[in-house]
Amino acid sequence: MNFLIDIIIPAYNAEMHIVRTLNSIPKDIDVNIIIVDDGSVDKTKDVVNEYIKRNKCNINYVYQENKGEAGARNTGIEKSKAKYILFLDSDDELIIEDFEKILRLLKMGEYSILLGGYKKELSDGASYTVKYNQLEGDIDFLIKSFFIRKLNPGIGNTFFKSEIIKHKNIKFENYKYGADNEFVRRFLILSEKKQKILVSKDVFFSYNYNIDSLMNQKFSVERLDSIKSVVATRELCKELKFEKYIKYLNIFLINEIRGVYYQAVIQNGNKSEKEILKYLPKEMDMKLLFDRKKIKTSLHNAIFYFSPSIYKLLALFKKEK
């Protein structure tokens, strides 16, 4: 049986939280769940099998030797036969209030992407929600909006048309950081530009964000993968002669470099400044850099782009306070 939606969930040692994720997915709707157990050594398999016994739902459990999150998601793609794919992590929760409305929209089959808002649950008990205005557009519009971070299609809040993924052989690359965003960028760039997209005003999912873990994490050179993944996207744009997107992608790149720089140099005192800064784009569209709707972010990006040393001093001063 082919379903309208396959929800692909990679799971590694997920026995403590995967039931919460599964419980958040409505039962008795045109949805299939593909759980790819990526070599768990805990009781994930037992927990999932017990859940299948107790609940009326469509779950395809797949076990594989550990390949990492990207490898698990790629296995899920290979197993998928649905019209649309939604990716979730094993500790995410779907919070779509009107799932029937989402199904009606997807059954029309007009959209290559349907994306909505998301909720971020912080480890200190705080949370915030990102919502978008409902609108229709095309892939070209979404590429530009995503690259300058006005819209954020990603894991959990985006339904991807499966035939595009399969036809273009789009896979998750094995980046330690940035693999999710790289997948989305590749999907958008390789899609036909006339493909329609829909942005929903609804909030689709909630995910947990461990502040303490991030703040106490020592810097690793693997963190540079998030930068390298954006550079790879830029090379793909050049290869396909989509140079018009590069000026937008450079905004994405600056955000990524600044984030890595902050963690490495300011937060952890690492001496990798030159290694990080070498990825700064040589050309920049000033109108895009100074986005009036994102004044704070634009200011930080501009200071960082023109003078990383001043950005460093200001950030260290703020940190000391």
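The following legends describe close-up views of a predicted model. Local features require pLDDT of at least 70 and side-chain atom pairs pLDDT 80 or more, whereas totals for chains, interfaces and linings use all residues. Residues are numbered from 1 along each chain as its sequence is written, and side-chain values use heavy atoms, with hydrogens and water left out.

View 1. A nonpolar core is a set of buried Ala, Val, Leu, Ile, Met, Phe, Trp, Tyr and Cys residues joined through side-chain atoms within 4.5 Å; buried means under 20% relative accessible area, exposed over 50%, and partly exposed in between (1.4 Å probe, protein chains only). Helices (H or I, at least four residues) and strands (E, at least two) are DSSP runs, numbered from the N terminus. Beyond its neighbours within four places in sequence, F159 is in contact with I5, Y84, I85, L86, I96, F99, I102, L106, S112, I113, L114 and F204, contact being heavy atoms within 4.5 Å.

**View 2. The packing of helix 9 against helix 10.** The axes of helix 9 (residues 225–239) and helix 10 come within 9 Å and cross at roughly 170°. Axes are lines fitted to C-alpha atoms, for helices over the stretch in contact, and angles run from 0 to 180 degrees between N-to-C directions. Helix 9 is therefore roughly antiparallel to helix 10, a term applied to angles over 145 degrees. Helix 9 contributes S226, I227, V230, V231, T233, R234, C237 and K238, and helix 10 contributes I246, L249, N250, F252, L253, E256, I257 and V260. By class, the contact comprises 10 nonpolar, 3 polar and 3 charged residues; Ala, Val, Leu, Ile, Met, Phe, Trp, Tyr, Cys and Pro count as nonpolar, Asp, Glu, Lys and Arg as charged, and the others, Gly among them, as polar.

**View 3. The buried residue N301 in helix 13.** N301 lies in helix 13 (residues 295–306) and counts as buried because its relative accessibility is 3%. Residues up to four places away in sequence aside, N301 touches I254, N255, R258 and L289.

View 4. The whole structure contains 17 aromatic pairs. Rings of Phe, Tyr and Trp (its six-membered ring) pair if their centres lie within 6.5 Å; planes under 30 degrees apart count as stacked, over 60 as edge-to-face and the rest as tilted. Y118 and F205 form a tilted pair, 6.5 Å centre to centre with 50° between the planes. Y118 is buried at 11% relative accessible area, as is F205 at 4% relative accessibility. The rings of F146 and F252 have centres 5.4 Å apart and planes at 70°, so this pair is edge-to-face.

**View 5. A cluster of phenylalanine rings.** Ring pairs link F87, F160, F172, F183 and F187.

**View 6. Positive phi at N13 and R149.** Neither residue is a glycine. N13 has a phi of about 50° and is located in the loop between strand 1 (5–11) and helix 1 (18–23). R149 has a phi of about 65° and is located in the loop between helix 5 and strand 9 (158–161). N13 is partly exposed at 26% relative accessible area, and R149 is partly exposed at 30% relative accessibility.

Conventions:
Angles under 35 degrees count as roughly parallel, over 145 as roughly antiparallel, 65 to 115 as roughly perpendicular and the rest as oblique.
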